[in-house]
Amino acid sequence: MISDAKRTIEAVWGIESARLIAALTRFTGDLSLAEDLAQDALVAALEQWPESGVPRNPGAWLMTAAKHRAIDLYRRSLRLQRKHQQLGYQAEAQQEQDWREFEARPDDEVGDDLLRLIFMTCHPVLSTEARVALTLRMLGGLTTEEIARAFLAPAATIAQRIVRAKRSLAEAHVPFEVPGAAERADRLASVLEVIYLIFNEGYSASAGEDWIRPGLCEEALRLGRILAELAPQEAEVHGLAALMELQASRLRARLGPSGEPILLMDQNRARWDRLLIRRGLAALERAERLGGALGPYALQAAIAASHARARTPEETDWARIAALYDALAQLAPSPVVELNRAVALAMAFGAAVGLERIDALTSEPSLTDYPHLPAARGDLLFKLGRYEEARAEFERAASFSLNARQRQQLLERAAACQR
Amino acid sequence: MRVMVLVKADKDSEAGVLPDEKLLTEMGNYNEELVKAGVMLAGEGLHPSSKGARVKFSGEKRTVIDGPFAETKELIAGFWLWQVKSMEEAIEWVKRCPNPMGVESEIEIRPVFEADDFGPAFTPELREQEERLRAQTAAGK
């Protein structure tokens with residue numbers, strides 16, 4: 001029974017913790033203190049709920065417990081400061097008053113608090129790694145151990161990363177606010193980057209034995225879906241949501257019987273998740289309806305949507321995909337986008353056309369040990385019947401790959417070139 | 001994990017009585033909360049079973065039975081599909097739902113099968129793939 005109660009409390013915590021921490025941060029102005037207060041409330045729940053049962057409104061219960069704790073701390077610090085009794089009493093009364101107002105706030109302000117919180121945990125003063133860990137902890141309600149497991153890092157490393165991140169935010173006096181118009185675009189880009197990074201870490205594990213870690217994908221999707229409701233006027237928020245829904249729709253089809261990755265064109269499309277495709281297309285439509293040119297996430301979502309709409313690989317509109325990569329290359333030029341564009345062009349207009357583009361990329365310094373470049377080149381050479389060159393490229397790709405399963409697959413392709 | 005959340009029918013829902021405005025508003029708010037929390041994937045309300053049909057299977061025989069159906073409490077009036085972290089989370093969310101039928105009603109939560117539930121080697125898809133491979137290997141010899 002005790003362990004049942006504990007699991008229930010954990011579930012409530014998962015639902016309530018982000019809102020709790022957000023509200024407390026707004027009230028105390030201090031993320032670290034807010035988290036401590038929320039944790040204290042959790043401890044109180046763990047002590048009391050197994051006996052008393054889960055209260056009817058657990059969120060409000062936790063908030064009240066955190067509030068009592070905050071007022072306690074406040075009183076103690078007042079005493080420590082040896083303030084006059086009278087001043088202390090007034091300050092307390094003021095604090096209680098503030099809390100009452102704070103608790104009576106309508107729900108959309110709670111949403112605003114969450115938005116402020118995610119802008120804070122994704123603040124550019126933090127390293128990318130710190131942003132990811134802090135966001136998963138504060139918004140995702142993940143424990144340090146869960147984050148460590150997901151990123152194959154020691155728990156101590158993650159714990160330290162989170163402590164340092166909180167300290168950096170305090171030292172930089174990062175305010176708890178939704179950034180103003182001037183910096184909004186940059187700050188939003190940072191939030192989207194963090195969420196997509198979490199998704200990608202799950203979707204295409206960069207290291208380790210497993211190719212995908214669906215838990216991280218689900219977490220990123222959840223954050224993306226939440227953000228889409230917190231900032232519904234931002235087209236790129238829907239663009240990112242669409243991109244993740246569409247990519248996640250292929251998760252089930254991406255792995256073969258022994259866990260090896262199956263490339264997009266070879267996937268069994270019957271295994272694609274129609275519900276996620278529908279959600280992805282709807283999110284993309286939301287982004288498009290907001291008007292203006294599509295941003296980089298919406299463009300990538302549009303590319304994923306082109307694949308999702310094709311019932312068979314042959315139906316894929318490669319010319320449209322190449323055009324979308326064109327647009328993407330103008331917005332966010334990168335050798336990786338160029339590589340993808342080359343592959344799309346090869347599919348639309350023949351392997352020779354694509355190979356010409358890819359050859360132009362081989363001197364690109366940032367791609368020197370990028371396995372997908374020789375892998376794509378090998379594929380086109382193979383299609384052109386240049387098997388010996390293809391084999392060398394697949395072997396080179398394998399030597400760059402950090403993922404065990406991907407490496408094995410590339411070596412198999414290399415072996416298939418021996419004729 | 002995904003769960004399907006099934007709202008059971010009652011006398012009124014089977015009689016086609018629509019929920020009153022108060023319940024509609026509460027349900028609307030609740031649905032909004034689910035969407036905002038990133039939990040809601042899909043959901044629909046169903047017409048009474050009088051508009052439904054059943055196809056009964058007996059060996060090769062198929063018999064169509066038109067609604068309504070008798071066992072009201074076992075019928076379904078609506079469903080949601082949710083993305084949650086655990087059954088416990090799903091239960092917590094359901095406890096927050098306004099009483100869907102008024103006085104007496106029931107909501108059932110059923111986890112959706114995921115690839116992992118079959119064990120790595122036993123999804124029908126994989127089994128089929130393996131059989132195909134075996135057939136191909138045999139044919140090659």
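Mentor: A crossing is called left-handed if the near helix is turned anticlockwise from the far one by less than a right angle, and right-handed if it is turned clockwise. Helices here are DSSP runs of H or I with at least four residues, strands are runs of E with at least two, and both are numbered from the N terminus. By that rule, α16(A) and α17(A) make a left-handed crossing. Before we go further, note that this is a predicted model, in which local features need pLDDT of at least 70 and side-chain atom pairs count only at pLDDT 80 or more, while totals for chains, interfaces and linings use all residues. Residues are numbered from 1 along each chain as its sequence is written, and chains are lettered from A and ligands numbered from 1 in the order in which they are written.

Trainee: At what angle do α16 and α17 of chain A pack, and which residues make the contact?

Mentor: Axes are lines fitted to C-alpha atoms, for helices over the stretch in contact, and angles run from 0 to 180 degrees between N-to-C directions. Helix α16 (residues 351-359) and helix α17 (residues 372-383) of chain A pack at about 145°, with their axes 9 Å apart. Two residues are in contact if their C-beta atoms, placed from the backbone, lie within 7 Å. On the α16(A) side these are A:Ala351, A:Gly354, A:Leu355 and A:Ile358, and on the α17(A) side A:Ala376, A:Arg377, A:Leu380 and A:Lys383. By class, this contact has 5 nonpolar, 1 polar and 2 charged residues, where Ala, Val, Leu, Ile, Met, Phe, Trp, Tyr, Cys and Pro count as nonpolar, Asp, Glu, Lys and Arg as charged, and the others, Gly among them, as polar.

Trainee: Which domains does chain A have?

Mentor: Domain bounds come from an automatic or database domain assignment. For chain A that assignment gives domain 1 (1-105), domain 2 (106-200) and domain 3 (317-419). Domains 1 and 2 of chain A each bring 15 residues to their contact. On the domain 1 side, α1 (2-28) and α2 (31-52) of chain A each supply at least two residues, and α1(A) gives the largest share, 10 residues.

Trainee: Why is A:Arg116 classed as partly exposed?

Mentor: A residue is buried if 20 or more other C-beta atoms, placed from the backbone, lie within 10 Å of its own, exposed if 12 or fewer do, and partly exposed in between. A:Arg116 is partly exposed because 19 other C-beta atoms lie within 10 Å. A:Arg116 sits in helix α5 (residues 107-121) of chain A, and, leaving aside residues up to four places away in sequence, touches A:Ala22, A:Arg26, A:Phe176, A:Glu177 and A:Val178.

Trainee: How many residues does each chain give to the contact between chain A and chain B?

Mentor: Chain A gives 18 residues and chain B gives 17. On the chain A side, α1(A) has the largest share, 7 residues, and the classes are 6 nonpolar, 3 polar and 9 charged.

Trainee: How do the strands of chain B pair?

Mentor: Two strands pair if DSSP finds at least two bridges between them. Strand β1 (residues 2-8) of chain B runs antiparallel to β5 (residues 76-83) of chain B, with 7 bridges, and B:Leu6 has B:Phe79 as its bridge partner in β5(B). Strand β2 (residues 40-45) of chain B is also antiparallel to β5(B), with 5 bridges, and here B:Met40 is partnered by B:Trp82.
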